[in-house]
Each structure stands twice: as C-alpha cells, then as structure tokens.
Amino acid sequence: MNTYIKALIGVTGREINRMTSRPLYFLSVVILPLLSLLFFVSLMKEGVPVKLPVAVVDYDHTALSAKFRRTIDATPGSSVVMTPATEHEALSELRKGNIYGYVVLPHNLQADIMNGTQPVVRFYYQNGLLIAGGLIQNDLTITLHTLSAGVNKQKREAMGQNEVSVYAEIQPVKPDAHLLFNPETNYPVYVTSIMLPIMLQVFILMITVYSIGIEIKERTSREWLRKAGKSVFVALTGKLLPYTVIFVILSLFSNFLLFKALMVPVNTGVVYLVLLSLLYVLAYQAIAVFFVGLLPMMRHSLNLAAFYGILALTLCGFSFPIEHMPEVFRLWAEAFPVRHYMHIFQSQILAGFNFVYAAPSYLKFMLFLLLPFAIIFRLKSALIYQNFIEQIKITDAAEAAVSEKSLIQ
C-alpha cells in the first residue's frame, strides 16, 4: 500500500511540475475557464431582458390612444422608442432591426369603444428572435387585455352597475397563478445555470485528453508509467488528481456566482453541492480517458472530445425538450453527464425535492465512472508503444519491445 501511495504522490508531483513549467496549462486550466464563467454570469446579470424597443402607429390621435402608448411604454419588457406615421415606416424599422415589434392603433379607436363597436388593435413582433418576440408578445397582450378591461369597467360603472358585479362580468373566473422555483422568471435560473456547467465540461474534456495524449505524442508515457510503478490506474489517478481539484473548485465557484451574484435560489446543503461538483468533474474525466483509450492519437481523441462536448448543449434536453425529439436522440441525451447534473440541480438544489427524486441521476453518474475500465488495457498498450495507430517503424518497434520488456520485469 505504501508503494502505491508513494507512486501516486510521485506521479502527482510530476504532473504539477509539468503544469507549472508550461504556461499553456495555466491558461487552459485556470484563466480561460474562469473568464468563460465570468462572461456568462455577466451576460445575463439583469435577470431578464427589459425595455425592448417597439413602435406605436397611432391613427386615432385621441386621449385614449395616448393612454395606450403610455401604458405600453410603462411595461417592464417594452419601450416605445418611436411613433411612425404609417405601418410601412414601422415595418421598415422592423426590417432594419431598430425595433422588435410595433402596435397599430386604428382610426376612430376611442369613438368605436364609446359606441360599443369592437375595434381591432393589431400588433406585429419579430418572433424569429424567440426570446425577444415572446417577451414583447406577452407584454402587449397583457397591456391590451388590461386596457380593454379598464374601458369595460368604466362603461359598466357609468351604466350604474356596482363594483362587485362589474368585476364578476369582466373576469368570471379569477386565476391564482404560482410561479414555482423561479418566481421572478429570471433567465439565469434556467439559461446561465446550464451554460456554466456546459462551458466547464468542454474544458474538462479537452484538458484531460490533452494531458494524456501529449504523453504519447512526446514519447514520455513510458517514463510516466514507470513513475507510477507500472500501474496504469496509479498513473491516471496521479495525473488527473490536480485537474480534478482545480475543476471542482471552479465548479463550486460557478455555483457561488449563481447563488450569490445572480441570486439564484438554493434549497440544499453545501455537502450536496460539493458531491455534485465532484461527480460531474469525475464523470467527464472518465469520458475523456475513454476517448483517449479508444483513439490513442491525440488529434483524433481531441476531435472526438470537442464533437461530444459541443453536442451537449443541443442534445442534453434543456434547449429543446427531449420528449419531442426522435427516439434515438432521447437515448443519446442520457449519454451526457450534464443532463443528469441539471436534473439534480433543478430537482434537489433549486426546488429542494427529496434526495430520492435525484437518486437515479446520481446512479447514472456512477456508470460514467466505469467507462475507463472498458479501454484500460488498450490505453496501457498505447502508453507502452507510444504509437498505437500509425505504422511503427522498425527502430521504434525495437525500442518499444525493449521498453515493454523493462516494464514487465
């Protein structure tokens, strides 16, 4: 046991020396991940887009139409930045990207309302930009419904109806909505909380693949394996341990930014946060080791890791519900640890549900940790021969045979 511990300490110290002697490691492991986390936190620090520019085309020019404009401008999501004379001018501004939508108040709006005729107020919005379009559509719909209800209330009160009967006729059914776990409808609760771990997983994958693949490429893997007492398990554990510590700290820091800087609600203890961060980092390191063992040439395994990491945002089921994906993609979504991370985050940390609801996701994390065992012997062969895929030259083959013999003895 002492021999393995000494070997583990030796390999870890060797990797720390490699990290500190090459600026690329510090840049890739600390600086770039940290800048990425801070960028996405600052990107949505406001919580939700506000005061999106809209226009109002007013053909009525009455006190009521002016009230419509002021009410629209007072909504949190929309701001009336211009009042074009015609719809053609408003559409032109929409095409230029100066506004996200516009409202058309028709001729005789106030007169038609007073006469009991139902006027039509039209609004157009850019729904190609889904978030902006959805926010504007929601604001304008609520505004027009509120104003319509107000006009209706005034007319009925003028006819002598009491307030109780007026409200009963205007709104026969009174809704009582409760926004659970994200009452302020802030985007950081949904968007930023998924972007931070997805960005981090790309760095975990690429750095892990690089740190192992560079040993094969630079032909230092035999010395690395010898330092580990010829144990590939000790070699991998010692090499990845410094990165594990750094990435767990970065993961915890990202959670700190979410909960303290962006005020995302948290309903669990710090133990579960540490456990989740540790499992998340270990799962992606295990996947990266699997990629290196599968394709021991660094450029191939890096390409595979990049392809896999980039697909996570699209196919993990949070940018688009997996229930509406083809069956093959539903199964593929389970192959991304970030999906199980977000299930635990949303059910246990954000919502405060009992551990039993998140337990299946914890078990799936454990399955990812078994992946390196599927390629461990293939990876060890790559570390010994140092040229696993390309054709080995005669001199290299002889050198590899001697090195393998020395390792076996």
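This report covers the sheet, the salt bridges, a surface patch and a few loop residues of a predicted model.

## Basis

Residues are numbered from 1 along each chain as its sequence is written, and side-chain values use heavy atoms, with hydrogens and water left out. The model is predicted: local features need pLDDT of at least 70, side-chain atom pairs count only at pLDDT 80 or more, and totals for chains, interfaces and linings use all residues.

Four strands form an open sheet in the order 2-1-3-4, with mixed pairing. Strand 2 and strand 4 (122-125) are the edge strands, each pairing on one side only. From one strand to the next, the twist averages 30°. Axes here are lines fitted to C-alpha atoms, for helices over the stretch in contact, and angles run from 0 to 180 degrees between N-to-C directions. Helices (H or I, at least four residues) and strands (E, at least two) are DSSP runs, numbered from the N terminus. Two strands pair if DSSP finds at least two bridges between them.

Strand 1 (residues 52-58) pairs with strand 2 (residues 78-82) in the parallel sense, over four bridges. Leucine 52 has serine 78 in strand 2 as its bridge partner. Together with helix 3 (residues 63-74), strand 1 and strand 2 make a right-handed β-α-β unit. Right-handed means that, with the strands pointing away from the viewer, the path from the first strand over the helix to the second runs clockwise.

## Salt bridges

The structure holds eleven salt bridges. Each is a side-chain nitrogen of Lys or Arg within 4 Å of a carboxyl oxygen of Asp or Glu. One of them joins glutamate 15 and lysine 239 (2.4 Å, N to O). Glutamate 15 lies in helix 1 (residues 2-21) and lysine 239 in helix 10, so the pair ties together parts 224 residues apart in sequence. Glutamate 15 is buried, at 0% relative accessible area. Lysine 239 is buried too, also at 0%. Buried means under 20% relative accessible area, exposed over 50%, and partly exposed in between (1.4 Å probe, protein chains only).

Arginine 18 forms a salt bridge with glutamate 215, with the closest N and O atoms 3.6 Å apart. Arginine 18 is in helix 1 and glutamate 215 in helix 8 (residues 187-217), so this pair links parts 197 residues apart in sequence. Both arginine 18 and glutamate 215 are buried. Aspartate 58 and arginine 69 also meet in a salt bridge (2.4 Å, N to O). This pair ties strand 1 to helix 3. Aspartate 58 is buried, at 7%, whereas arginine 69 is partly exposed, at 26%. Shared partners join Arg14, Glu15, Arg18, Glu215, Glu223 and Lys239 into one network of salt bridges.

## Surface and loops

Leu24, Leu27, Leu32, Leu35 and Leu38 make a nonpolar surface patch of about 420 Å². Patches are made of residues with over 30% relative accessible area and no salt bridge; like charges are joined within 9 Å, nonpolar side chains (Val, Leu, Ile, Met, Phe, Trp, Tyr) within 5 Å. Accessible areas come from the Shrake-Rupley method with a 1.4 Å probe; for residues, only the protein chains shown count as cover. Leucine 27 lies in helix 2 (residues 23-43).

Asparagine 108 has a positive phi, near 60°, though not a glycine. Asparagine 108 sits in the loop between strand 3 (101-105) and helix 5. Methionine 263 also has a positive phi, of about 60°. Methionine 263 is exposed, at 63% relative accessibility.
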